[in-house]
Amino acid sequence: MAGNKTFSMIKPNAVKSGHIGHILAHISDAGFRIVALKMTKLSVSQASAFYGIHEGKPFFNSLIEFMYSGPVVTMILEKENAVEEYRKLIGATNPQMAEEGTIRKLYGVDTQTNAVHGSDSDENAFIEANFFFSMRERFGVRGVEMLTDAITQL
Ligand code: CMP
């Protein structure tokens, strides 16, 4: 069964161009609930770790340089079948190939500066959400208790 959470990040180009509000409205209007939200700036090592799967590809160095060039907005989104629904909402990786009305078509520039990231599987949504959000940020006191319980089982 498909999960109900996905992870997204508004990339530096869209933040710099003043599109945070537009993109969040688009997400809410499409029926996603924003369950965690954070504006932050990646270090080189954080950007490299987040996109580690692309290491060795020709665009890797330039992608990392871009991703730490300015602040990003990270979020966890909730909706039934969230990963697939969100990927439909953002459109193709290359904004020029994206359908009209999608977030990347509206606010993306090219394949690298494509305005937003969206997880490509439930497993990656889980990994990426945990990369940016602590258990306390996600679940409050219950999150700290869950973590403490897990540690004491070790
Ligand atoms: P994203 O959804 O964040 O996942 C990986 C990112 O790598 C992707 O969006 C693009 O920004 C970037 N990317 C993937 N393919 C290319 C490419 N051919 N050239 C430049 N950037 C790319």
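Here are some notes on the packing, ring pairs and salt bridges in this predicted model.

1. **The main core.** Let's start inside. The largest nonpolar core has 18 residues, and those with the most contacts within it are I10, I23, I27, Y86 and I103. Two or more residues each come from α1 (12–16), α2 (20–29), β3 (72–78), α5 (82–90) and α6 (103–107). Helix α5 gives the largest share, 4 residues. As general background, nonpolar side chains tend to be buried together in soluble globular proteins.

2. **Y86 and its neighbours.** Leaving aside residues up to four places away in sequence, Y86 touches T6, S8, I27, F32, L77, I103, V116, H117 and G118. Elsewhere there is a second, separate core of 17 residues, with A47, M67, I76 and A129 among them.

3. **One side of α5.** Which residues of α5 are buried? They are A82, V83, Y86, L89 and I90. These residues lie on the same side of α5, because they cover an arc of only 125° around the axis. Their cover includes β1 (5–10), α2, β3, α6, β4 (116–118) and α7. After the helix comes G91, which has a positive phi, near 90°.

4. In general, an α-helix has 3.6 residues a turn, so residues three or four places apart point the same way. K88 is exposed, at 52% relative accessible area, while E85 is partly exposed at 23%.

5. **Aromatic pairs.** The structure holds 7 aromatic pairs. In one of them, the rings of F50 and Y51 have centres 5.0 Å apart and planes at 90°, which makes the pair edge-to-face. Both partners are buried: F50 has a relative accessible area of 10%, and Y51 has 6%. F50 also pairs edge-to-face with F131, at 5.6 Å between centres and 70° between planes. F50 belongs to helix α3 (residues 44–50) and F131 to helix α7 (residues 122–132), so this pair ties together parts that are 81 residues apart in sequence. F131 is partly exposed, with a relative accessible area of 34%. Ring pairs join F7, F50, Y51, F131 and F132 into a cluster.

6. **Lysines over rings.** Two lysines are worth a look here. K38 has its charged end over the ring of F133, 5.0 Å from the ring centre. The charged end of K79 sits over the ring of F32, at 4.9 Å from its centre. F32 is also one of the residues that Y86 touches.

7. **Other salt bridges.** How many salt bridges does a search of the whole structure find? The search finds 6. In one of them, E78 meets R33, with the closest N and O atoms 3.1 Å apart. E78 is in strand β3 and R33 in strand β2 (residues 33–40), so the pair ties together parts that are 45 residues apart in sequence. Another salt bridge joins E100 and K105, at 3.9 Å from N to O. E100 is exposed, with 68% relative accessible area, whereas K105 is partly exposed at 28%. Shared partners also join K5, R33 and E78 into one salt-bridge network.

Technical notes: Residues numbered from 1 in each chain as written. Predicted model: local features only at pLDDT ≥ 70, side-chain atom pairs only at ≥ 80, totals over all residues. Heavy atoms only, no water. Core = buried A, V, L, I, M, F, W, Y, C linked by side-chain atoms within 4.5 Å. Buried < 20%, exposed > 50% of the residue type's maximum accessible area, 1.4 Å probe, protein only. Contact = heavy atoms within 4.5 Å. Phe/Tyr/Trp six-rings, centres within 6.5 Å; stacked < 30°, edge-to-face > 60°. Lys NZ or Arg CZ within 6 Å of the ring centre and 35° of its normal. Arc of directions from axis to C-beta. Salt bridge = Lys/Arg side-chain N within 4 Å of Asp/Glu carboxyl O.
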